[in-house]
Amino acid sequence: MDELELHGRALDIAALVVAGVKPGYMVSATPCPEWDVRAVMNHMVGGNRMFAAFALGQEAQPRVPGVDLVGDDPAGVYTTTAADASKAWRSDGALERMMTLPIGTLPGSVVVGMHGFDHYVHAFDIASATGQLGTLDDELS
């Protein structure tokens, strides 16, 4: 499986987990000590936007702390931003482009894996908090 397939699979699983969150679980504690489910989802949506910008060779807009990105439709917002990010990763030159992240400058072929891994880990966080661990993919775990 290549990096784009792994990335797509991770984001698809994350979308399933996000879609399975019932409204009452949005304030549930997650394994991330300072983040509830809504905060993890906001991180993921912000990540989709940031990684899409990197893949397209654009400057990522800084995330404003405390701003709710998921609103009343977390699944819809996540699905839309994940699709945008996946499309950006498939754009010409995205995997070859050097990208400057807060941790350093890396090729897109590495950054796409970071994006997928981040979202799979946070899918686990949300699944743990909402009783959806069966939704995860044993092959990716």
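Q: What do the lining residues of the largest pocket divide into?
A: This is a predicted model. In it, the lining of the largest pocket has 9 nonpolar, 5 polar and 4 charged residues.

Q: Which residues lie nearest the centre of that pocket?
A: Gly-46, Gly-47, Met-50, Gln-61 and Arg-63. They belong to a lining of 18 residues.

Q: Which helix gives the most to the lining?
A: Helix 2, residues 37–55. Helix 2 supplies 8 residues of the lining.

Q: And how much space lies in the largest pocket?
A: About 390 Å³.

Q: How does one find empty space like that, in general?
A: A probe the size of a water molecule is rolled over the atoms, and that shows where empty space is left.

Q: Back to helix 2. Is Val-37 buried or exposed?
A: Val-37 lies in helix 2. Val-37 counts as buried because its relative accessibility is 0%, and the cut-off for buried is under 20%.

Q: What does Val-37 touch, leaving out residues up to four places away in sequence?
A: Val-21, Tyr-25, Met-26, Ser-28, Thr-30, Ile-126, Ala-129 and Thr-130.

Q: How far apart are Val-37 and Thr-80?
A: In sequence, 43 residues. In space, 19 Å from C-alpha to C-alpha.

Q: Now Gln-132. Where is its place in the chain?
A: Gln-132 sits in the segment after helix 4, which covers 108–130.

Q: Buried or exposed?
A: Gln-132 is buried, at 10% relative accessible area.

Q: Let's zoom out. How many helices and strands does the protein chain have?
A: The chain has 4 helices and 2 strands. From the N terminus on, the order is α-α-α-β-β-α.

Q: What radius of gyration does the protein chain have, against a compact globule?
A: The chain has 14 Å. A compact globule with 141 residues would be near 14 Å, so the two agree.

Q: What box do the C-alpha atoms fill?
A: Roughly 40 × 35 × 25 Å, taken along the principal axes.

Q: How much of the chain counts as buried?
A: 43% of the 141 residues.

Q: Last one: what share of the contacts with a separation of 6 or more comes from residues 24 or more positions apart?
A: Such pairs account for 67% of those contacts in the protein chain.

Methods
Residues are numbered from 1 along each chain as its sequence is written. This is a predicted model: local features need pLDDT of at least 70, side-chain atom pairs count only at pLDDT 80 or more; totals for chains, interfaces and linings use all residues. Side-chain values use heavy atoms; hydrogens and water are left out. On a 1 Å grid over the protein atoms alone, a cavity is a set of points where a 1.4 Å probe fits but cannot get out, and a pocket is an open set with protein on both sides within 12 Å along at least five of seven lines; lining residues have an atom within 4 Å of a point. Grid points are joined across faces, edges and corners, and a volume is the space filled by probe spheres set on the points. Ala, Val, Leu, Ile, Met, Phe, Trp, Tyr, Cys and Pro count as nonpolar, Asp, Glu, Lys and Arg as charged, and the others, Gly among them, as polar. The radius of gyration is taken over C-alpha atoms; the globule rule is 2.2 Å times the number of residues to the power 0.38. Buried means under 20% relative accessible area, exposed over 50%, partly exposed in between (1.4 Å probe, protein chains only). Contact means heavy atoms within 4.5 Å.
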